[in-house]
Amino acid sequence: MGALPVFRWRLAPDGYATRRQLRALGLRPGGQDVAAQLERPRRRRGPLVAYLYRVDLAMPVRPMTPARWAALAKANAARRLCPVCRRDAGYVIPTSLGTCVPCADTDPHGSDGSTR
C-alpha cells in the first residue's frame, strides 16, 4: 500500500467519509483500510488528522440482537454497583472515586487526616 492521499479540512471529494459520518448514514467501515486522511492545520502544534473511508465499500451497521442488548444492560448495571456497599448507586460510579459518593465520603481517619 502506498502513501495515503491527504486532503485539507472540508475539501475531501465525495465518496469519502469519517467513521462518524459513516455511522450517521447507518454504515460501518467493514474491515476496509483507511483510504485517505484529512488534515486541519493548527497553530504551534501538529495538524488535526481525520481518517477517511470509502463509502462505496462500507457495510451496513450490524443490528442489535436481544443477546447484545442483554449484555449491554448487564455491563451498565455493573458500572452502577458500588464495590463497597454492594448497592445500586442509581448512577454510574465515577472511576476517580471507585465507590458510590456516600461510601467515598466516609473518611476513616477523620476530617484532618490524622489517625488519632
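Me: Where is Thr-99?
Reply: Thr-99 sits in the loop between helix 2 and helix 3 (101-105). Keep in mind that this is a predicted model.

Me: Is Thr-99 buried or exposed?
Reply: Thr-99 counts as buried, because its relative accessibility is 12% and the cut-off for buried is under 20%.

Me: What does its side chain reach?
Reply: The side chain of Thr-99 reaches the backbone nitrogen of Ala-104, at 3.4 Å.

Me: Now the surface. Which residues form the nonpolar patch?
Reply: Met-64, Trp-69 and Leu-72. Together they have about 300 Å² of accessible area.

Me: Which helix has Trp-69?
Reply: Helix 2, which covers residues 66-80.

Me: And how exposed is Trp-69?
Reply: Its relative accessible area is 51%. The cut-off for exposed is over 50%, so Trp-69 counts as exposed.

Me: Where is Arg-40, and how exposed is it?
Reply: Arg-40 is in strand 4 (residues 36-42). It is partly exposed, with a relative accessible area of 41%.

Me: Back to the whole chain. How many helices and strands are there?
Reply: The protein has 3 helices and 6 strands. From the N terminus, the order is β-β-α-β-β-β-β-α-α.

Me: And how much of the protein is buried?
Reply: Of its 116 residues, 16% are buried.

Note on methods. Residues numbered from 1 in each chain as written. Predicted model: local features only at pLDDT ≥ 70, side-chain atom pairs only at ≥ 80, totals over all residues. Heavy atoms only, no water. Patch = residues over 30% accessible without salt bridge, like charges linked within 9 Å, V, L, I, M, F, W, Y side chains within 5 Å. Areas by Shrake-Rupley, 256 points an atom, 1.4 Å probe, with all protein chains shown as cover. Salt bridge = Lys/Arg side-chain N within 4 Å of Asp/Glu carboxyl O. Helix = DSSP H or I, 4+ residues; strand = E, 2+ residues; numbered from the N terminus. Buried < 20%, exposed > 50% of the residue type's maximum accessible area, 1.4 Å probe, protein only. Polar contact = N/O pair within 3.5 Å; in protein donor to acceptor, adjacent residues only side chain to side chain.
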